[in-house]
Amino acid sequence: MIGQYIADGVILGITLALGAIGLTLTYNILRFANFAHGEFLTFGGYFALVFTSLFASGAAFGPFTFGWNFLAAIVFAGAMTAALALLLDWLLFRLLRRSGVAVTLVIASFGAALMLRNVVVFIWGSQPEYYSRSIAIAREILPGVRLTADEVFVVASTILLMAALHFFLTRSRLGKAMRAVSDNPALASITGINVQGVIHWTWVVGGSLAAVAGVLFGLTVQISPEMGANLILSMFAAAILGGVGSIYGAVLGGLIIGVAESISVPFIGAAFMPAVGFVLMFLILLVYPKGILGERS
């Protein structure tokens, strides 16, 4: 039984990790905590729903939800959410960055989150949606661990995406530029790096990752207007637990939070799952104030 809870926690944790990576990138380069990031997950889930409704028939998916059409829906959702993030930056955050006051950006992100959430309700309604209403049959892949094909797809696709992100940040010119700006924007600008261009790409990468996280969460659970709001605090907990500013810390923090919340269900119930992540974050930060993989001062 415990193996099943751990498996469920890993699936939740990798979704949190994808979202926490975007939060960490935003914090590193733009220097503020973006509470509207959770709504990017929500929009990503709904953008994929629009794509599957318009361009995919139920028969195209076969016995599982995912397929080539669904992969195209993920790409579409990532592109549309990245465009939404750029638009939000151009309309709101770009203007407020000139003040140099981080608190202003944080408060503005709260307002943007509320606005975006209500836009979702206005367009798609308040009722939950599903990519497929077919019954998903779980199969035993390890002793005591049963997963559906969709859940296996979520794990495999997330691992591939994180590996691609690692090579992007460590090998590509743009990835190295993003790391340089996160370390010292002024010095990066002096060396010839286009800081404004890096900021744009930060929104693109962060928004795309959030969209994928929203789609994968909707694939295994459901899509709802409150989806991003329900996950945003857990994503912040994952980013802080792993070490604010550490991409790999965000992944580790997401997995720890996800597994801890899932294991707690038989003891405290599902309603109190988010509290477990915050308690765990608090306890670890008492010992490691910078987070598990955060830089030591």
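**Buried, bridged and exposed: the terms behind the model**

Author: Serine 262 is buried, with a relative accessible area of 7%. This is a predicted model, in which local features need pLDDT of at least 70, side-chain atom pairs count only at pLDDT 80 or more, and totals for chains, interfaces and linings use all residues. Residues are numbered from 1 along each chain as its sequence is written, and side-chain values use heavy atoms, with hydrogens and water left out.

Reader: Why is serine 262 called buried?

Author: Buried means under 20% relative accessible area, exposed over 50%, and partly exposed in between (1.4 Å probe, protein chains only). Serine 262 has 7%, and is therefore buried. Serine 262 lies in helix α10 (residues 247-268); helices (H or I, at least four residues) are DSSP runs numbered from the N terminus.

Reader: What does serine 262 touch, leaving aside residues up to four places away in sequence?

Author: Serine 262 touches Tyr5, Asp8, Gly9 and Met273, where contact means heavy atoms within 4.5 Å.

Reader: What makes glutamate 39 and arginine 117 a salt bridge?

Author: A salt bridge requires a side-chain nitrogen of Lys or Arg within 4 Å of a carboxyl oxygen of Asp or Glu. The closest N and O atoms of glutamate 39 and arginine 117 are 3.1 Å apart, so the pair forms a salt bridge. The pair links distant parts of the chain, with glutamate 39 in helix α2 (residues 37-55) and arginine 117 in helix α4 (residues 102-124), 78 residues apart. Glutamate 39 is buried at 1%, whereas arginine 117, at 23%, counts as partly exposed.

Reader: How many salt bridges does this rule give?

Author: The count comes to two. Aspartate 89 also forms one with arginine 97, the closest N and O atoms being 2.6 Å apart. Aspartate 89 and arginine 97 are both buried.

Reader: How do you know how α5 is oriented relative to α6?

Author: Helix α5 (residues 149-171) and helix α6 (residues 173-183) pack at an angle of about 75°, with their axes 5 Å apart. Angles of 65 to 115 degrees count as roughly perpendicular, so α5 is roughly perpendicular to α6. Among the residues that meet are Phe168 and Leu169 in α5 and Leu174 and Met178 in α6.

Reader: Why is leucine 286 called exposed?

Author: Leucine 286 has a relative accessible area of 58%, and is therefore exposed by the cut-off given above. Leucine 286 is found in helix α11 (residues 273-287).

Definitions and conventions
Helices (H or I, at least four residues) and strands (E, at least two) are DSSP runs, numbered from the N terminus. Axes are lines fitted to C-alpha atoms, for helices over the stretch in contact, and angles run from 0 to 180 degrees between N-to-C directions. Angles under 35 degrees count as roughly parallel, over 145 as roughly antiparallel, 65 to 115 as roughly perpendicular and the rest as oblique.
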